[in-house]
Amino acid sequence: MTASIPNPVPARMRGLNRAEICDVNFTEFVRGWNGHRDVAPAPHEAVLDGSALDAAGFRELFESQLISRHLDLMARVLRVQNKVFYTIGSSGHEGNAMVARLTRHTDPAFLHYRSGGFMAERFRKLPGMDPIMDSALSFAASSDDPASGGRHKVWGSKSLWVLPQTSTIASHLPKALGTAMAIETARRLGHPLPIPGDSIAICSFGDASSNHATAQTAFNAAAWSAYQKLPAPVLFVCEDNGIGISVKTPSGWIARNFANRQDLDYFHADGLDLASGYGDVQRAVEHCRRTRRPTFLHLRTTRIMGHAGTDFEIEWRSVEELCAVEATDPLLRSAAIAMESGLMSADEVLALYEATRERCFAAAGEADRRPKIETLEHVIAPLAPYTPQAVMAEATRVDYAGRRVEAFGSEARLPEGQPPRHMAIQINNALHDLFAKYPETLLFGEDVAQKGGVYTVTKGLQKAFGRRRVFNTLLDETMILGMAQGFANLGLLPIPEIQYLAYFHNACDQIRGEAASLQFFSNNQFANPMVVRIAGLGYQRGFGGHFHNDNSITALRDIPGLVVGCPSRGDDAATMLRTLTALAKVDGRVSVFLEPIALYMTKDLYEPGDGRWLTAYPAPEEAMTLGEGRVYLPDSGGEGSDLVIFTYGNGVPMSLRAAREIEARHGWKARVVDLRWLVPLNAAYIVEQAKSAKRILIVDEGRHSAGVGEGVITAIAEGGHGARPFQRVVGVDTYTPLAGAAFLVIPGEQDIVAAADRLAG
Ligand SMILES: Cc1ncc(C[n+]2csc(CCOP(=O)(O)OP(=O)(O)O)c2C)c(N)n1
Ligand SMILES: [Mg+2]
């Protein structure tokens, strides 16, 4: 039932401020109820009798709707006074409170930004919580905001299992599905879950968002799981208001697109009408919880008051159309239900309406007086937590000797007792070790299981630790990283693999926008610790072309909070992996372990057969300090200060070879510094190494633009040593061609020698 639209539309309804009009509409609608009624209620929907909702339940839901509405109205008023910093509202979507009522506060929720009703209702689930004050603090960007500490206006609550989401449309669907999968994986592994075993993950989003590739990825993966009878108890709630900012969703599209999808079970509910919608929402929730199957709840909503406070709809829509939309306001319907059913009189409805308004404004006034973030240190405090001593203690902790022996087969087969080996083997050993140490580790990706990965780096892991901990995923990097976040959300320790660096880029946002941002936007209340293994960089001889030799790590360089390590030899790879895992365990951090493919099998350094790039497996009580490089002094002795070469990855063995030739040509003793840690670059360490250098060479196999070399040069210059003679040897800003032509693009040893010649000349 909707209010009627007067024709012609009276002047007061032609106003610019639709929030004011919706506000007045509600009051007039209720006031008009006893005397003149615009529209008679349809008798079959007039009362709660026959609805799954009882009177007490209705009353609370109605109040949650009103709280949500008045938070919106308050935000519009106080935004212009600079007391509130966000006006994307929930008006028209308040029916999502039903989803909150019918689920538990321990069902992890990943919410659409129009979730005011949901939140107000979920707040009821725990005693002593105040949805209005918490929201007001968030609107006011106060550092007391319990969701994000004033960093973002976001729906979030640690105790209510609402994980704060970013504004990026649909980016939360993969991790919501991942969390649903994690509930079941943890249960099957016997890993203690922080929530009940029959929990479901809730994920809401808009109709326009459902078209996004990141959303479709999650629907597909959910169905892919259900098809194989793998449980994926996720409740996708599509809040269909028929529009995305200004673009209308084709009428009927959501039902058409989702009603008949196999293995994504479709339910429809009217989110505009609590009396008729409640039972349908209940059926969807119960279905999801009972069957553990991915469930799609198509919730009818409307959008009133525009996309945000800045959206003056009247400038691009006709007033008649606006009035028609405003007439579908679900609060009018709730008011009608309250009055028709005799639950509340018109005066009581109005009194509740005004009392809620007052509470919202009072909370906003109080929030405005509360502290703001005043210093940069405060802003970044939760961005990249790091407790070095605890991390080192964790990385070197060896209290799992028995499990190690079991993992490697026998005492005699422990890797530290074996002869030196190449990097692929040592990474494989290190992974076995970590799997023995942490029963909560999971390794997954494309081809990682039986085959052991394209380069056999993960060979044997599935056999040793089982199919639940080491498994192949579907071919979808976005989903691999979404799953990782989901597993991490529930306390597992994911080690996802991205098969090639080039294929990280299409899923980059799952790290850039999502995983790496969670600690920041939740004020470090939530974390999704993980170690992402990515094989990459150039110089592969057998397997050519750009996509297997992508040398761009630029996309990773500026991700706030992320750690990127890149080992160039087997022992470093093992100790680095231990540190990254400890960083995840202790500080909740997200990191990338960048594996140079061309060095996986490298055995020799100077001469064929010299075996000088083989390394012994480091004892399990060794780890690598975050940020610390490895220094190679000249073979001929001395500090190597005539020339200092900064490099990483493939550049390390190349530079060592070139250093010999440079010494022969110029008599310079050269020191090679393997940076090892590429993000964040350790500027202090670089400056320390540069201090004693007479000349500096930077060997960066990445790209000319925005490559690591730029950061090294900046660190040196900012450290006051920019006047030293320096040269940079770096890849070209192009895609990598096939076969021998690749070596025209990426730096070679002779380029390093030539750069030294230029320094001499
Ligand atoms: C990836 C991405 N692209 C674009 C935007 C900008 N944007 C914000 S909301 C929105 C429309 C979303 O519409 P819908 O999903 O129907 O949700 P509604 O706002 O209608 O509830 C757009 C395009 C965004 N936030 N993220
Ligand atoms: Mg929409």
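This is a predicted model: local features need pLDDT of at least 70, side-chain atom pairs count only at pLDDT 80 or more; totals for chains, interfaces and linings use all residues.

Trainee: Okay, let's start with arginine 578. Which helix is that in?

Mentor: Arginine 578 belongs to helix 22, which covers residues 570–587.

Trainee: And is arginine 578 buried or exposed?

Mentor: Buried. Its relative accessibility is 6%, and buried means under 20%.

Trainee: What does the side chain of arginine 578 reach?

Mentor: The backbone oxygen of alanine 619, at 2.8 Å.

Trainee: Which residues is arginine 578 in contact with, leaving aside neighbours within four places in sequence?

Mentor: There's a stretch with Tyr617, Pro618, Ala619, Pro620, Glu622 and Ala623 among the contacts. Ala395, Asp433 and Leu434 are on the list for arginine 578 too.

Trainee: Where's Ala395, then? Which helix?

Mentor: Ala395 is in helix 14, and it's among the residues there that meet helix 22. From helix 14 you have Ala390, Val391, Glu394 and Ala395; from helix 22, Arg578, Thr579, Ala582, Leu583, Lys585, Val586 and Asp587.

Trainee: At what angle do helix 14 and helix 22 pack?

Mentor: About 120°, and the axes are 8 Å apart. Helix 14 itself spans residues 388–395. Since angles of 65 to 115 degrees count as roughly perpendicular and those over 145 as roughly antiparallel, this pair is oblique.

Trainee: Is the crossing of helix 14 and helix 22 left-handed or right-handed?

Mentor: Helix 14 goes past helix 22 in a right-handed crossing.

Trainee: Got it. Now another pair: how do helix 23 and helix 26 pack?

Mentor: Helix 23 (residues 651–666) and helix 26 (residues 749–760) make an angle of about 40°, with 9 Å between their axes. That makes helix 23 oblique to helix 26. The crossing of helix 23 past helix 26 is right-handed.

Trainee: Which residues of helix 23 and helix 26 meet?

Mentor: On the helix 23 side, Met654, Ser655, Arg657, Ala658, Glu661, Ile662, Arg665 and His666. On the helix 26 side, Glu749, Gln750, Ile752, Val753, Ala756, Asp757 and Ala760. By class, the contact of helix 23 with helix 26 has seven nonpolar, three polar and five charged residues.

Trainee: Let's switch to the backbone. What's going on between valine 679 and proline 680?

Mentor: The peptide bond from valine 679 to proline 680 is cis, and its omega is near -10°. Proline 680 sits in the loop between strand 17 (677–679) and helix 24 (683–691).

Trainee: And what about phi at asparagine 524?

Mentor: Phi there is positive, about 60°, although asparagine 524 isn't a glycine. You'll find asparagine 524 in the loop between helix 20 (518–521) and strand 11 (530–536). With 36% relative accessibility, asparagine 524 counts as partly exposed.

Trainee: One more area: where is leucine 160?

Mentor: In the loop between helix 5 (131–139) and helix 6 (173–189). Leucine 160 is buried, at 0% relative accessibility.

Trainee: How far apart are leucine 160 and histidine 105?

Mentor: They're 55 residues apart in sequence and 5.0 Å apart in space, C-alpha to C-alpha. His105 is also one of the contacts of leucine 160, along with Arg122, Phe123, Leu126 and Met129.

Trainee: And isoleucine 373 and tyrosine 500, how far apart are those?

Mentor: Those two are 127 residues apart in sequence, and 40 Å apart from C-alpha to C-alpha. Isoleucine 373 is in the loop between helix 12 (346–369) and helix 13 (376–380). At 23% relative accessibility, isoleucine 373 is partly exposed. Its contacts beyond four places in sequence are Ser143, Gly149, Gly150, Arg151, His378 and Val379.

Definitions and conventions:
Residues are numbered from 1 along each chain as its sequence is written. Chains are lettered from A and ligands numbered from 1 in the order in which they are written. Side-chain values use heavy atoms; hydrogens and water are left out. Helices (H or I, at least four residues) and strands (E, at least two) are DSSP runs, numbered from the N terminus. Buried means under 20% relative accessible area, exposed over 50%, partly exposed in between (1.4 Å probe, protein chains only). A polar contact is a pair of N or O atoms within 3.5 Å; within protein, one must be able to donate a hydrogen and the other to accept it, and residues adjacent in sequence count only if both atoms are side-chain atoms. Contact means heavy atoms within 4.5 Å. Axes are lines fitted to C-alpha atoms, for helices over the stretch in contact, and angles run from 0 to 180 degrees between N-to-C directions. Angles under 35 degrees count as roughly parallel, over 145 as roughly antiparallel, 65 to 115 as roughly perpendicular and the rest as oblique. A crossing is left-handed if the near helix is turned anticlockwise from the far one by less than a right angle, and right-handed if clockwise. Ala, Val, Leu, Ile, Met, Phe, Trp, Tyr, Cys and Pro count as nonpolar, Asp, Glu, Lys and Arg as charged, and the others, Gly among them, as polar.
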